[in-house]
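Please look at the ligand site in the model below.

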Amino acid sequence: MIIGNLHHLCYGARMSTLSIIATPIGNLEDITLRALKALATADIILCEDTRVTKKLLDRHGIKKQTLSYHAHSKLSRVWEIVDYLKKGRNLALVSDAGTPGISDPGSELVKKIRQELENEIRTGKVKIETIPGPSALTSALSVAGVPCADFTFLGFLPHKKGRETLFKEISQSVRTVVFYESPHRIVKTLESLEEHLNGNTDDASPQIVTICRELTKIFEEVVQGTAKEVKNYFEEHPDKVRGEFVVIVSG
Ligand code: SAM
């Protein structure tokens with residue numbers, strides 16, 4: 001108690017924490033005890049989509065003020081968040097699924113907060129901490145059984161410019177390559193992979209494609225084979241061209 005008071009005297013303002021919290025990628029039970037505790041004790045929860053996060057909070061009986069932060073948020077929202085931290089409020093940052101910052105707007109927000117509160121962070125008045133947990137990236141690699149001592153993660157591929165070049169790079173990569181894909185593009189992507197990878201030639205050891213779909217959800221599925229085999233599978237099962245996908249290409 002005395003130490004706490006001394007700490008206040010030494011540093012003046014109250015210390016605040018921004019907790020970057022990983023949340024489930026489907027199954028709402030995939031959340032750590034620490035994450036639940038941090039969500040329940042935060043003053044405000046920053047969410048990509050407040051409706052998505054509300055489902056998680058309801059499932060765990062947490063009632064909290066939420067504030068949205070997404071790719072189209074105005075700069076004024078960043079100042080508001082920075083101001084909360086300056087005033088000693090404890091914030092939690094979550095994305096719609098998985099680890100904030102991995103191919104979602106979280107990294108941009110953390111970057112801006114680090115820039116704006118450089119001094120406060122250095123002097124210990126503001127702490128940015130990680131509360132790790134699920135990510136579609138690591139979940140997919142863990143279930144695929146492919147070499148991943150080192151790998152290249154591409155996030156979402158560009159829709160047009162640079163897309164073809166990336167497929168060429170993937171086909172020449174000595175490392176396993178992982179990227180996220182949407183249901184609208186997955187078949188087109190598999191066509192491009194078939195075109196570029198050696199799976200459509202007589203090569204003795206073609207590159208292997210692994211599609212991880214709907215991980216941790218009811219229709220979780222892992223499909224593995226040459227690009228041609230995997231593409232044929234999804235063409236033959238159009239009902240499976242839905243949900244969320246991670247694509248892995250390994251040598
Ligand atoms: N930050 C998140 C993470 O750590 O996994 C990723 C956010 S990114 C905007 C969303 C993409 O992740 C989806 O389009 C999909 O490619 C992938 N993803 C998320 N949940 C998934 C799941 N349950 N199964 C397969 N892929 C998933």
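Predicted model: local features only at pLDDT ≥ 70, side-chain atom pairs only at ≥ 80, totals over all residues.

Residues are numbered from 1 along each chain as its sequence is written, and side-chain values use heavy atoms, without hydrogens and water.

Q: Why does the ligand lie between domain 1 and domain 2?
A: Domain bounds come from an automatic or database domain assignment. The ligand lies between the two because both give residues to its shell: domain 1 (2–131) and domain 2 (136–250).

Q: How many residues of the shell around the ligand are charged?
A: Asp, Glu, Lys and Arg count as charged, Ala, Val, Leu, Ile, Met, Phe, Trp, Tyr, Cys and Pro as nonpolar, and the others, Gly among them, as polar. By these classes the shell has 10 nonpolar and 4 polar residues, and the number of charged ones is 5.

Q: Which residue has a backbone N or O atom 2.7 Å from an oxygen atom of the ligand?
A: Polar contacts are pairs of N or O atoms within 3.5 Å. The side chain of S135 has an N or O atom 2.8 Å from a ligand oxygen, and a polar side-chain atom of D104 lies 2.9 Å from a ligand nitrogen. The backbone atom at 2.7 Å from a ligand oxygen belongs to A136.

How values were computed: Polar contact = N/O pair within 3.5 Å; in protein donor to acceptor, adjacent residues only side chain to side chain.
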